[in-house]
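Work through each exercise with the model in view, then compare your steps with the solution.

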Amino acid sequence: LSKAQRELDENQAELDGIDRLVAELKAAFQKRTAEAETLRLQLQRTEDTLARAQTLLEKLGGEKGRWEATVKGAQAKLAALPAQALVAAAFMAYLPGTPEDVRKDATA
């Protein structure tokens, strides 16, 4: 009977050890599962941010074309500015008192 009791105690101790190991493994599994969920949420947020950034870049691509056209127009006006200033100065110097039809004929 004492031998059976000893074996029962040993088996109970071994079972307690296994139970502790199972509890530790369950805790580790829960921790890893929580970490995986956190990573999944971070990945989802990152993918959402990336999608919004790509949409913004597509929209800004059209803006770039418009900005380039505006810059070209401004550069053309800037290139014509000295000639326009010269014509304005000539009007002020030589044609200030002449009628409008004469001035139109002078610039045609």
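**Exercise 1.** Find out how many residues apart Lys64 and Glu68 are in helix α1, and what this separation is in helical turns.

*Solution.* Start with the positions in this predicted model: Lys64 and Glu68 are four residues apart in helix α1, so about one helical turn separates them. Next, look at the side chains. The closest N and O atoms of Lys64 and Glu68 are 3.8 Å apart. The cut-off for a salt bridge is within 4 Å, so this pair qualifies. Finally, Glu68 has a relative accessible area of 43% and is partly exposed.

**Exercise 2.** Decide whether Glu37 and Arg40 are buried, exposed or partly exposed.

*Solution.* Recall the limits: buried is under 20%, exposed is over 50%, and partly exposed lies in between. Glu37 has 36% relative accessible area, so Glu37 is partly exposed. Arg40, at 44%, is partly exposed too. Now connect the two: their side chains form a salt bridge with an N to O distance of 2.6 Å. Both residues lie in helix α1, three residues apart, or about one turn.

**Exercise 3.** Work out which side chain Glu35 meets in a salt bridge.

*Solution.* Begin with a general idea: side chains of opposite charge can pair when their charged atoms come close. The partner of Glu35 is Arg32, at 3.9 Å from N to O. These two are three residues apart in helix α1, which spans residues 2-94, so they are separated by about one helical turn. With 37% relative accessible area, Glu35 is partly exposed.

How values were computed. Residues numbered from 1 in each chain as written. Predicted model: local features only at pLDDT ≥ 70, side-chain atom pairs only at ≥ 80, totals over all residues. Heavy atoms only, no water. Buried < 20%, exposed > 50% of the residue type's maximum accessible area, 1.4 Å probe, protein only.
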